[in-house]
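Trainee: I am new to this model and would like to understand the words used to describe it. Could you take me through them?

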Amino acid sequence: MEEFLKIISALKDETRIKLLKFLLIHKELCVCELEASFDMLQSRLSRHLKILKDAGFLDSKRDGKKILYSIKKLDSFRKKTINEINNLEIDLPNLKKCRI
């Protein structure tokens with residue numbers, strides 16, 4: 001029950017839904033690309049990414065100075081949820097690349 005509530009809680013924020021769909025489209029992005037694309041403070045973005053990661057949606061890996069985020073291999077429930085998010089008509093920002 002606790003895991004289910006964590007997943008549902010992570011999905012009750014529009015920004016987190018947009019981040020998931022953005023990562024579905026772009027596959028793997030660093031924090032600076034997400035920060036620039038969403039025009040969001042790094043601290044606020046990091047909070048959203050942590051919630052999604054703790055809920056089992058995201059993988060992260062270090063690449064030099066960058067941390068790259070992607071959708072992880074999901075269980076059945078999370079996969080169904082991601083498929084529903086992917087089908088939503090959502091206005092997303094354009095990807096802004098950054099240089100590190």
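Trainee: Which residue just after α3 takes a positive phi?

Mentor: Asp39 does, with a phi of about 50 degrees. Asp39 is a residue other than glycine, and its place is the loop between α3 and α4. Helix and strand names come from DSSP runs (H or I of at least four residues for helices, E of at least two for strands), numbered from the N terminus. This is a predicted model, where local features need pLDDT of at least 70, side-chain atom pairs count only at pLDDT 80 or more, and totals for chains, interfaces and linings use all residues. Residues are numbered from 1 along each chain as its sequence is written, and side-chain values use heavy atoms, with hydrogens and water left out.

Trainee: What makes Asp39 count as exposed?

Mentor: Its relative accessibility is 70%. Exposed means over 50% relative accessible area, buried means under 20%, and partly exposed lies in between (1.4 Å probe, protein chains only). Asp39 is over the exposed cut-off, so it counts as exposed.

Trainee: Which other residue has a positive phi although it is not a glycine?

Mentor: Lys27 does, at about 75 degrees. Lys27 sits in the loop between α2 and β1, and its relative accessible area of 57% is over 50%, so Lys27 is exposed.

Trainee: Back to α3: what makes it mostly covered?

Mentor: Of its 8 residues, 6 are buried. These are Val31, Cys32, Glu33, Leu34, Ser37 and Phe38. The cover over them includes α2, β1 (28-30), α4 (42-54) and β3.

Trainee: How do α2 and α3 lie relative to each other, oblique or parallel?

Mentor: Two packed helices are described by the angle and the distance between their axes. For α2 (residues 14-26) and α3 (residues 31-38), the axes come within 12 Å and cross at roughly 120 degrees. Axes are lines fitted to C-alpha atoms, for helices over the stretch in contact, and angles between N-to-C directions run from 0 to 180 degrees. Under 35 degrees is roughly parallel, over 145 roughly antiparallel, 65 to 115 roughly perpendicular, and the rest oblique. The crossing angle falls in the rest, so α2 is oblique to α3.

Trainee: Which residues of α2 and α3 meet?

Mentor: Lys18, Leu19 and Phe22 in α2 meet Leu34, Ser37 and Phe38 in α3. Contact means heavy atoms within 4.5 Å. The residues of this contact divide into 4 nonpolar, 1 polar and 1 charged. Here Ala, Val, Leu, Ile, Met, Phe, Trp, Tyr, Cys and Pro count as nonpolar, Asp, Glu, Lys and Arg as charged, and the others, Gly among them, as polar.

Trainee: Why is Ile17 called buried?

Mentor: Its relative accessible area is 15%, which is under 20%, so Ile17 is buried. Ile17 belongs to helix α2. Leaving aside neighbours within four places in sequence, Ile17 is in contact with Leu11, Ile85, Leu88 and Ile90.

Trainee: And how do you know that Thr15 counts as buried?

Mentor: At 18% relative accessibility, Thr15 is also under the 20% limit, so it counts as buried. Thr15 lies in helix α2 too. Not counting residues up to four places away in sequence, Thr15 touches Met40, Arg44 and His48.

Trainee: How do you know that β2 and β3 pair?

Mentor: Two strands pair if DSSP finds at least two bridges between them. β2 (residues 58-63) and β3 (residues 66-71) have 6 bridges, so they pair, and the sense is antiparallel. Arg62 has Ile67 in β3 as its bridge partner. The hairpin of β2 and β3 has 2 residues between the strands, and there Gly64 takes a positive phi near 65 degrees.

Trainee: How many bridges join β1 to β3?

Mentor: There are 3 bridges, and the two strands run antiparallel. Since DSSP finds at least two bridges, they count as paired. Cys30 has Leu68 in β3 as its bridge partner, and Glu28 stands opposite Ser70 in β3.

Trainee: What order do the strands take in the open sheet?

Mentor: The 3 strands follow the order β1-β3-β2, with antiparallel pairing. β1 and β2 are the edge strands, each pairing on one side only. From one strand to the next, the twist averages 30 degrees.
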